[in-house]
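User: I'd like to learn how to read a model like this one, feature by feature. Could you walk me through it?

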Amino acid sequence: SSSSKVLVHFVNQSGVKSSVYVSEGDSLLDVVIKKNLDISGFGACEGTLACSTCHLIFEEKVFEKLEPVVDEEVDMLDLAYGLTRTSRLGCQVTVQRWMDGMTVRVPHEIKDLRGNLDAVNSK
Ligand code: FES
């Protein structure tokens, strides 16, 4: 039921907010795909830590409570555009109950480190 869902607000590149109820245990990349959120180019590598297009900016209070970042994620984040102190990769962050009501923001620019989105878009 929806009472077991977690409310997450996404603010896309254009500043448009989408509020969705999502399942615990899904990554934020899963959420964007399942809810069909309008975030262009998001999740190009499908969560394999090879792009950084899933870059999301978290609220300070949420960021501090996230699971620790692994080296591979740090490497990708280093290459992301618009990196902030509270940036993480959405495919590496799993929705948990305590996140209920959080807002995540998409940076204005994203960069696909593979340099070519065609392979993904033509699927
Ligand atoms: Fe590519 Fe997250 S989807 S690193």
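Analyst: Gladly. Let's begin with contacts: two residues are in contact when heavy atoms lie within 4.5 Å. Keep in mind that this is a predicted model. Leaving out residues up to four places away in sequence, Leu 56 touches Phe 10, Leu 28, Phe 42, Thr 86, Ser 87, Arg 88, Gly 90, Val 104, Arg 105, Val 106 and Pro 107.

User: What share of the contacts with a separation of 6 or more comes from residues 24 or more positions apart?

Analyst: Such pairs account for 67% of those contacts.

User: And what is the overall layout, from the N terminus on?

Analyst: The protein has four helices and five strands, and the order of elements is β-β-α-β-α-α-β-β-α. Of its 123 residues, 41% count as buried.

User: Which residues have the most contacts inside the largest nonpolar core?

Analyst: A nonpolar core joins buried residues of nonpolar kinds through side-chain atoms within 4.5 Å. Here the largest one has 28 residues, and Phe 10, Leu 28, Leu 56, Phe 58, Met 102 and Val 104 have the most contacts inside it. Two or more residues come from each of β1, β2 (17-22), α1, α3 (71-78) and β5. Helix α1 gives the most, with four residues.

User: How do I read the two faces of strand β5?

Analyst: In a regular strand, side chains alternate between the two faces of the sheet. In β5 (residues 102-105), Met 102 and Val 104 form the covered face, while Thr 103 and Arg 105 form the uncovered one. Strand β5 runs parallel to β1 (residues 6-11), and four bridges join the two. Val 11 stands opposite Arg 105 of β5.

User: Where does Gly 43 sit, and is it buried or exposed?

Analyst: Gly 43 lies in the loop between α1 (28-34) and β3 (55-57). Buried means under 20% relative accessible area. Gly 43 has 10%, so it counts as buried. Beyond its neighbours within four places in sequence, Gly 43 is in contact with Leu 29, Cys 51, Thr 53 and Cys 54. The C-alpha atoms of Gly 43 and Leu 29 are 6.3 Å apart, though 14 residues separate the two along the chain.

User: Since cysteines have come up, how many disulfides are there?

Analyst: The test is a pair of cysteine sulfur atoms within 2.5 Å, and by this rule the count is zero. As for burial, Cys 45 is buried at 8% relative accessibility, and Cys 54 is buried at 2%.

Methods
Residues numbered from 1 in each chain as written. Predicted model: local features only at pLDDT ≥ 70, side-chain atom pairs only at ≥ 80, totals over all residues. Heavy atoms only, no water. Buried < 20%, exposed > 50% of the residue type's maximum accessible area, 1.4 Å probe, protein only. Pairing = 2+ DSSP bridges.
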